Amino acid sequence: MPFVQTNGINFYYEERGLSSAEPLLLIMGITAPGGVWEPHASYWQNDFRCIIGDNRGVGQSDKPAGPYSTEQMADDYAGLLDALQLENVRVVGCSMGSTIAQQLAIRHPKKVRSLVLMCPWARCDNAAKAIFQHMMHCKARFRPEEFSLYIQQLIYSKASWDNEQTAAELEAGRNQAAIDPFPQPLHGLEGQAAACIAHNALAQLPSLTQPALIIGGKEDIFTPVWMANEVAGAIPNSDLFLYEKAGHIFHFEQLEDFNPRVKNWLLAH
């Protein structure tokens, strides 16, 4: 399994698709390893060389003591791209991954061709900061399956909870959390949460020249719609799309629309 040394850590990554295809960097969100991209990467790999990392603090990458920052985590990915001898790549970032993608474009503009920013924020208000603080408290006190339930409540919409098949799948996911072979340690979650709370790129986003697709769910209670609107309003060359009756995890709730929608946008940008 491939690791690279970047920014002082051992960084785990995987690839999907032909090595000769145009590269697509996928950056996942808080608590989640890169493997969560599988339903999307398995579709996009037909058109792109998908590069999927485990963020600092989760999965098989190193989990040093925090706090982390989104700037630091962007530099982790810049080092990965350097190791792969890649520039001018398309980047898709989800939630915390969108904040890392913002910083990658700000700090390393030649490395980023275009951006898809999923359920993004440019800055946290006090309510968002409280959510991340509560997330840390829950991680410290709950069993893995109980913590998984809290995260599910943040990210899934009412429509998903009302669907009996989806509700059963969520229960199975909670049970799986109890036997995760690479559980995220508390200090890894705390490091990532600190990065999320401190992220503030609002003043820098107007300087971005890369095209960006801002995409989210209208029923997202974790990163509400005002955050996506603020990011879209700050980036000059941006498109905004918001799903009806979808939450923070709209990319699973609307999988059959999301995968081709993002693919087509990326192929055009």
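Predicted model: local features only at pLDDT ≥ 70, side-chain atom pairs only at ≥ 80, totals over all residues.

Student: Okay, how many helices and strands does the chain have?

Tutor: There are 11 helices and eight strands. The radius of gyration is 17 Å, close to the 18 Å that the globule rule gives for 269 residues, so the chain is as compact as a globular protein of that length.

Student: And what does the C-alpha trace span along its principal axes?

Tutor: About 40 × 40 × 35 Å.

Student: What share of the residues is buried?

Tutor: Buried residues are 51% of the 269 in the chain.

Student: What about contacts between residues 24 or more positions apart?

Tutor: Those make up 76% of the chain's contacts with a separation of 6 or more.

Student: Switching topic: how far apart are the mean positions of the positive and negative charges?

Tutor: They're 4 Å apart, counting 20 positive and 29 negative charges.

Student: Now the helix. How far does α8 reach?

Tutor: Helix α8 covers residues 186–198, so to speak 13 residues, and goes 18 Å from its first C-alpha to its last, close to the 18 Å expected at 1.5 Å a residue.

Student: Which of its residues are buried?

Tutor: In α8, the buried ones are Gly-188, Leu-189, Gly-191, Gln-192, Ala-193, Ala-195, Cys-196 and Ile-197.

Notes: Residues numbered from 1 in each chain as written. Heavy atoms only, no water. Helix = DSSP H or I, 4+ residues; strand = E, 2+ residues; numbered from the N terminus. Rg over C-alpha atoms; globule rule 2.2 N^0.38 Å. Buried < 20%, exposed > 50% of the residue type's maximum accessible area, 1.4 Å probe, protein only. Contact = heavy atoms within 4.5 Å. Lys, Arg positive; Asp, Glu negative; His and termini not counted. Charge placed at Lys NZ, Arg CZ, Asp CG, Glu CD. Expected span 1.5 Å × (residues − 1).
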